[in-house]
Amino acid sequence: MKRLFDITVSFIALILLCPLLLLVSLMIFLDDGSPVIFKQSRVGKDNQLFNIYKFRTMKRDTVNVASAELENPDACITKTGRFLRKSSLDELPQLINILKGDMSFVGPRPLIPEESEIRELRAKYNVYSVRPGMTGLAQINGRDTISDEEKAAYDKQYVESRSFFGDIGIIIRTALIVVSGKDIVEGKNDATKK
């Protein structure tokens, strides 16, 4: 049922959101040129790597690290990117990842391979037995403001207790958090501002 939901909803969303996707693409192009889509290697189901798609929010010469590791994120994020990240619109191209089967709407957020500490914890907790998600239990319980250990614990809890109706609840809570802008941290130094 989960996979059928993912395929159906991502397909319909891509069709309905096509005008918005084109508008965002144009905004990015006018702000900082191409490419409009950012591709990055992430860790997926069965600990296998896949390419995640996002709207590009960083300047073209930005080093490829987790955004929480950036020393000076304000210098790296484009004007359009600031808005896209705050509104989470930069995540919309992941609908393609969901349609392809790389991801699900709900599951542990996919890591970059270099995030070794949390990657090892997830392997220990059997987190890689499920597809990663656009949102997950850790995202509605602190997002960028909690430690890797706490994120891995929430991922473990999700894997052990997941259900279709639980996923719907996570999606609803995610929408409320996105609207409020709660728990978004940009870079190392931003954590002190929260």
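How many salt bridges does the structure hold? I found 10 salt bridges, where a salt bridge is a side-chain nitrogen of Lys or Arg within 4 Å of a carboxyl oxygen of Asp or Glu. As background, I noted that side chains of opposite charge can pair when their charged atoms come close.

**Entry: ground rules.** This is a predicted model, so I kept in mind that local features need pLDDT of at least 70, that side-chain atom pairs count only at pLDDT 80 or more, and that totals for chains, interfaces and linings use all residues. Residues are numbered from 1 along each chain as its sequence is written, and side-chain values use heavy atoms, leaving out hydrogens and water.

**Entry: the whole chain.** I looked up the elements and found 8 helices and 4 strands; these are DSSP runs numbered from the N terminus, helices being H or I with at least four residues and strands being E with at least two. Starting at the N terminus, I read the order as α-α-β-β-α-α-α-β-α-β-α-α. The chain has 194 residues, and 45% of them count as buried (buried is under 20% relative accessible area, exposed over 50%, partly exposed in between, with a 1.4 Å probe and protein chains only). I also checked contacts, meaning heavy atoms within 4.5 Å. Among contacts between residues at least 6 apart in sequence, 69% join residues at least 24 apart. The accessible surface comes to about 10400 Å², with 60% of it belonging to carbon and sulfur atoms; such areas come from the Shrake-Rupley method with a 1.4 Å probe, and for residues only the protein chains shown count as cover.

Entry: Next I turned to strand β1 (residues 37–43), which pairs with β2 in the antiparallel sense over 7 bridges; two strands pair if DSSP finds at least two bridges between them. V43 has L49 in β2 as its bridge partner. The hairpin has 5 residues between the strands, and there D46 takes a positive phi near 60°. Is β2 mostly covered or mostly open? I found strand β2 (residues 49–55) mostly covered, as 5 of its 7 residues are buried.

**Entry: K2 and D167.** These two form a salt bridge, with the closest N and O atoms 2.5 Å apart. K2 sits in helix α1 (residues 2–16) and D167 in helix α8 (residues 164–180), so the pair ties together parts that are 165 residues apart in sequence. K2 is partly exposed at 28% relative accessible area, whereas D167 is buried at 6%.

**Entry: E91 and R109.** Their side chains meet in a salt bridge at 3.2 Å, N to O. The pair links distant parts of the chain, 18 residues apart: E91 is in the loop between α4 (79–87) and α5 (94–100), and R109 is in the loop between β3 (104–106) and α6 (116–124). I noted that E91 and R109 are both buried.

**Entry: helix α7.** I ended with E160 and K156, whose side chains meet in a salt bridge (3.2 Å, N to O). Both lie in helix α7, 4 residues apart, about one turn of the helix. E160 is exposed at 57% relative accessibility, while K156 is partly exposed at 28%. A153 is also found in helix α7 (residues 148–161), and I logged A153 as partly exposed at 40%.
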